[in-house]
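Hi,

Here is the structure I promised to pass on. Have a look at it first, and then read my notes below.

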Amino acid sequence: MVQLLAQFVTHYYSTFDADRKNLAPLYRDTSMLTFQSDQVLGASAITEKLAGLPFQKVVHKYDRTDAQPTPNGILIVVAGQLLVDDGEQPLSYTQTFLLAQDGSGSYYVQNDVFNLVVF
Amino acid sequence: MAPTGPRNASGNTRATPRASRGGISKRRAPGKTDRDGDVSMDAAAGSGPNGGPAAGRGGARGRGRKDTRGTTRASSRIAENVKNFVGGRDSVATSKALFNKVTLKVSGFQASKAAQNDDGGRRALTDFLERKASKDKKVTIGKSVMDKDYFWISVNKGDVPDFLRLTGFIMAGAPITVEETDEKMPDVSSTTLELKAKLTEVLAKRYNPEQRLLDLSALGTDEILRSMDVFSQGSRAEKAFRALLRIATDQYKTGDEKKEAFQAVSIARNDINDVGQVFQLAIELPRLKRLDLSGNNLDTLAKMSKWRHRFKNLEELHLTGNPVTALSDTVSELLKWFPNLQNLNSQQVRTPEEVAESLKAQQPTPIPQLPSNLRDGDNNVAPAFLQAFFPLFDTDRDRLISEFYDDDSWFSLSAMPGTGRALPWKSYMKYSRNIQQIGSRSASTQQRLFTGGSLIADLWKALPPTRHPGMDQPNQWLIDCHTFPNLADPSGQGFAMGLQIIVQGQYEEADLSANVFGTRTFSRTFILGPSKPNNPPPQHPYRVMSDQLTLHNWTPAAAPASIPTITAAPQQAAIAVPVAPQVVTTLPVQPAVSDDALKAQLIQEVSKRTGMTAEYSELCLSGTANWNFELALKSFEEQKGNLPPTAFIAVA
């Protein structure tokens with residue numbers, strides 16, 4: 001689980017920071033993205049939502065990741081900071097992924113919840 | 001005002017940390033050299049005339065070799081002193097013993113090239129005198145004061161002849177005179193006060209309170225300034241300009257007051273050929289709205305580039321009469337530099353609407369945050385769970401376990417110690433997981449995943465007591481909730497609905513081990529699933545399958561108090577997060593606090609705590625502290641020894 005988690009987190013954020021449209025294969029039609037409480041269903045809508053986020057460049061720095069097994073996958077919680085568009089103020093965020101296994105045994109993002117830390 | 005040549009033509013760009021501060025200063029002792037040691041070793045090597053080494057070797061005590069050396073040193077030092085005393089020569093030992101200070105005054109240096117330096121040649125002259133006087137021994141100058149006529153120095157009595165013989169020496173092209181005097185070294189504070197009084201007089205005539213205009217134009221023609229002879233050289237003119245600005249702005253404590261008092265400044269017709277010569281203006285009055293630079297000698301944009309990222313509020317700029325206005329790209333560049341600029345050389349170059357747009361373009365688009373949302377399939381599971389959960393977590397964790405957890409429940413926590421926090425992290429770190437750090441620690445990381453209610457209960461006993469805000473304070477919480485369909489039903493009958501709840505908020509904590517109270521920001525993710533059919537009562541239809549707690553640095557955006565209470569105004573991140581219209585508004589998020597207002601508040605608070613000016617407080621906050629109040633205070637504590645006196649609000 002630990003290995004899978006590390007692989008996933010590294011892959012997710014490096015792809016996100018390079019070109020977030022390439023994240024599409026991680027999601028399925030039943031996947032849900034909740035970005036700052038705005039909810040999107042399905043891989044294509046998620047890709048669209050991600051691509052349309054109001055920043056061009058983004059750099060994620062993830063400080064901590066934690067994971068727990070779930071009956072059908074893994075719950076991953078990442079806490080870190082991100083910088084958008086060469087800004088100078090890093091924003092703290094948490095992102096919670098629920099990875100699930102599909103019929104063929106490969107993992108996909110079933111639920112992805114992103115929130116900036118506002119407190 | 002400016003020198004006509006390039007600024008460093010006279011080689012005066014050397015950094016002189018002491019230079020800009022007028023007045024008295026104590027010379028630092030030169031780098032410590034083991035003078036005694038050197039002297040004694042040299043004398044010993046020469047097998048001293050006073051029989052030092054011999055005495056050592058033939059000592060009655062007959063010591064070993066090592067001791068012989070020591071004795072050699074000591075006796076030759078004595079020999080040296082005796083020699084100096086007999087010879088009537090000053091020596092380190094005698095001058096230290098006598099410690100008599102004599103005042104000398106040096107003149108003639110005013111004609112030297114060094115006098116054009118920023119410090120009036122003070123440093124160059126000090127170095128020159130010390131070097132030349134140190135012919136066969138190291139000679140240093142104690143206190144020194146420079147006034148219009150003399151450079152007053154205090155030296156050891158024994159060194160006086162070494163200095164007096166320097167009369168007639170040529171220092172940077174000018175012969176100097178050194179004379180002994182019985183006069184007291186002038187009290188520098190009176191000289192400074194006199195200077196300040198004159199500059200204040202100059203300023204009084206040049207400030208227009210109706211227009212909030214500080215008119216520093218054509219300073220070279222000012223009668224008082226001419227009588228002070230401050231504009232004979234460019235570097236002294238720059239210094240005078242800085243002094244004028246400082247005196248003018250000193251009476252205003254905060255950036256807001258300065259902004260109110262000085263909306264316009266004219267530095268027209270001062271022969272400025274690089275804004276670096278008047279750079280201080282951007283430091284003292286960064287929020288200036290109108291600036292007149294006309295009639296100067298700025299010929300390229302490069303000569304203005306030092307102000308490129310300054311004066312963000314500048315609305316009106318006059319450059320008429322500067323060669324740079326003839327260049328084709330000047331206007332377009334300046335519009336980029338100054339996002340608020342509307343009026344250039346009395347021409348409208350941008351409408352207020354365009355200004356608004358250019359400002360908007362400069363700001364990163366905030367990432368919108370929707371309010372909390374409980375999409376739990378309308379069965380009221382999430383609110384019921386949360387309303388039961390947090391009060392119980394604060395008051396009776398054991399009962400909480402028995403209500404909602406079973407043998408298959410997971411709990412883990414992830415914390416990262418922040419810096420400058422009042423609250424210690426120790427209680428959490430023992431149990432904290434961070435799977436980023438796999439490898440050597442993976443075993444302990446695995447152990448920190450707590451499985452089953454009884455283990456979790458034990459862990460929770462070890463965690464500090466908490467107090468979460470009431471669920472009836474919606475602006476203290478940010479909650480996301482989602483259903484997901486394909487959980488295996490524990491009864492083994494197909495799939496059941498699961499619920500994922502993500503809560504963000506803050507709680508008060510009492511760390512009893514350290515006796516500290518404070519606030520923490522947390523995120524907590526729950527996965528709720530259907531209860532097992534054979535669970536003991538009380539029977540809830542659902543149980544906690546996963547409970548993950550992540551702790552963050554608490555970001556007290558606008559809270560000056562060190563111990564905030566949960567009833568205080570809710571905290572907001574440093575960046576404005578506008579709240580979109582609510583979709584499902586069970587728990588709305590408070591409206592965003594404007595970025596600027598927050599920052600102003602923080603600056604004011606830091607200034608109050610540290611005594612620094614608003615500018616430095618802002619620097620302190622905007623640096624690595626990243627608008628974190630506690631971090632800013634910490635970095636101030638670390639840096640305060642290195643800050644210039646100008647960083648602080650002058651105490652009247």
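Let's start with one spot in chain A: L99(A) stands opposite V109(A) in β6(A). Strands here are DSSP runs of E with at least two residues, helices are runs of H or I with at least four, and both are numbered from the N terminus. Strand β5 (residues 91-101) of chain A and β6 (residues 107-116) of chain A run antiparallel, paired over nine bridges; two strands pair if DSSP finds at least two bridges between them.

Before going on: this is a predicted model, where local features need pLDDT of at least 70 and side-chain atom pairs pLDDT 80 or more, while totals for chains, interfaces and linings use all residues. Residues are numbered from 1 along each chain as its sequence is written, with chains lettered from A and ligands numbered from 1 in the order in which they are written.

Zooming out, chain A has an open, mixed sheet of six strands, ordered β2-β1-β6-β5-β4-β3. At its edges are β2 (38-41) and β3 (58-70) of chain A, each pairing on one side only.

Now over to chain B. Helices α15 (residues 397-404) and α18 (residues 453-462) of chain B pack at about 160 degrees, axes 9 Å apart (axes are lines fitted to C-alpha atoms, for helices over the stretch in contact, and angles run from 0 to 180 degrees between N-to-C directions). That angle is why α15(B) is roughly antiparallel to α18(B) (over 145 degrees counts as roughly antiparallel, under 35 as roughly parallel, 65 to 115 as roughly perpendicular and the rest as oblique).

Cheers
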